[in-house]
Amino acid sequence: VSQSRYLQHDQLLFLLDGLDEVQEEHRSACVEAINAFRKTHPYTDMVVCSRLADYTALTQQLALTGAIALDKLTPSQIDDYLAGAEFAGVRQAMQPDGELHQLAETPFLLNAIATAYRGCSPYQLQLASKERRTTHLFARYVETRLRSTSSTYVPHEQLRFMGWLARRMVEHGKTTFYIEELQPSWLQSGINKWFYRGAIGVIFGLIGVLIGGL
């Protein structure tokens, strides 16, 4: 059955994530294209996601039937999530540290805090200066997630491979990783080919674990 048949019978559900990641000069045209599609296919289901600040800054809004804004987590929700005994140190460290509590208002960062600081004492958390709080958090989070994988590569090798991949993505203007976009043109030398093979192995080993964390 062709895709056009599904479209004609309104049997497709479009999940469009990252409107705010479209280049700013093209966002209005993107909204116009979505609205034009909605006029010709009003019964086709569609969900469009965007950061609120970027969406409200648009001069033209999407012609959708409704909108849902995700609020920050409340203090009680954060406390419920960190209710276990293994998070006692985190809860105690949060009391005088407003910045750490502010980070926990975002669901992903709350999960990162729980993963990175599980079983830590307040003293261990206080070792990270407030100026480097986010850097320290993500470093601990990545280290913890890497240790939980069954990869044949040790953590420092995995970080090395992922660093190579990140640099290649920046060089080629990529913000979202798709494994099918890894191209031979990214390889400039024999050492890069070795990194390429290593990165492929690490990616397959991490992708399930990291998606679970997200």
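Is Arg-51 buried or exposed? Arg-51 counts as exposed, at 52% relative accessibility. Buried means under 20% relative accessible area, exposed over 50%, and partly exposed in between (1.4 Å probe, protein chains only).

The legends below start with the whole model and then turn to close-up views. This is a predicted model, in which local features need pLDDT of at least 70 and side-chain atom pairs count only at pLDDT 80 or more, while totals for chains, interfaces and linings use all residues. Residues are numbered from 1 along each chain as its sequence is written, and side-chain values use heavy atoms, with hydrogens and water left out.

**Overview. The protein holds 11 helices and 2 strands.**
Helices (H or I, at least four residues) and strands (E, at least two) are DSSP runs, numbered from the N terminus. The order of elements is α-β-α-β-α-α-α-α-α-α-α-α-α from the N terminus on. Of the 214 residues, 29% are buried. Contact means heavy atoms within 4.5 Å. Among contacts with a separation of 6 or more, 65% join residues 24 or more positions apart.

**View 1. Asp-20 and Arg-51 form a salt bridge.**
A salt bridge is a side-chain nitrogen of Lys or Arg within 4 Å of a carboxyl oxygen of Asp or Glu. The closest N and O atoms of Asp-20 and Arg-51 are 2.4 Å apart. Asp-20 sits in the loop between E1 and H2, and Arg-51 in the loop between strand E2 (45-48) and helix H3 (52-56). The two are 31 residues apart, so the pair links distant parts of the chain. Asp-20 is buried, at 10% relative accessibility.

**View 2. Lys-72 and Glu-105 meet in a salt bridge.**
The N to O distance is 3.8 Å. Lys-72 lies in the loop between H3 and helix H4 (75-81), Glu-105 in the loop between H6 and H7. The pair spans 33 residues. Lys-72 is exposed, with a relative accessible area of 57%. Glu-105 is partly exposed, at 22%.

**View 3. Arg-118 and Glu-86 meet in a salt bridge.**
Here the N to O distance is 3.2 Å. Arg-118 belongs to the loop between H7 and helix H8 (122-126). Glu-86 belongs to the loop between H4 and helix H5 (88-94). The two are 32 residues apart. Both are partly exposed: Arg-118 has a relative accessible area of 48%, and Glu-86 has 34%. The salt-bridge count for the structure comes to 5.

**View 4. Phe-108, Phe-138 and Tyr-141 form one aromatic cluster.**
Rings of Phe, Tyr and Trp (its six-membered ring) pair if their centres lie within 6.5 Å; planes under 30 degrees apart count as stacked, over 60 as edge-to-face and the rest as tilted. The structure has 3 aromatic pairs by this rule. Phe-108 and Phe-138 are stacked, with 6.4 Å centre to centre and 25° between the planes. Phe-108 lies in helix H7 (residues 107-117) and Phe-138 in helix H9 (residues 133-147), so the pair ties together parts 30 residues apart in sequence. Phe-108 and Tyr-141 are edge-to-face, at 5.9 Å and 80°. Tyr-141 also lies in helix H9, 33 residues from Phe-108 in sequence. Tyr-141 is buried, at 6% relative accessibility. Phe-108 is partly exposed, at 26%, and so is Phe-138, at 31%.

**View 5. Leu-103 is found in helix H6 (residues 98-103).**
Leu-103 is buried, at 14% relative accessibility. Leaving aside neighbours within four places in sequence, Leu-103 contacts Leu-109, Leu-110, Ile-113, Arg-133, Thr-134 and Leu-137. The C-alpha atoms of Leu-103 and Ile-113 are separated by 8.6 Å.

**View 6. Asn-35 lies in helix H2 (residues 24-40).**
Asn-35 is buried, with a relative accessible area of 9%. A polar atom of the Asn-35 side chain lies 2.7 Å from the backbone nitrogen of Ala-63. Not counting residues up to four places away in sequence, Asn-35 touches Gln-60, Gln-61, Leu-62 and Ala-63.

Methods: Polar contact = N/O pair within 3.5 Å; in protein donor to acceptor, adjacent residues only side chain to side chain.
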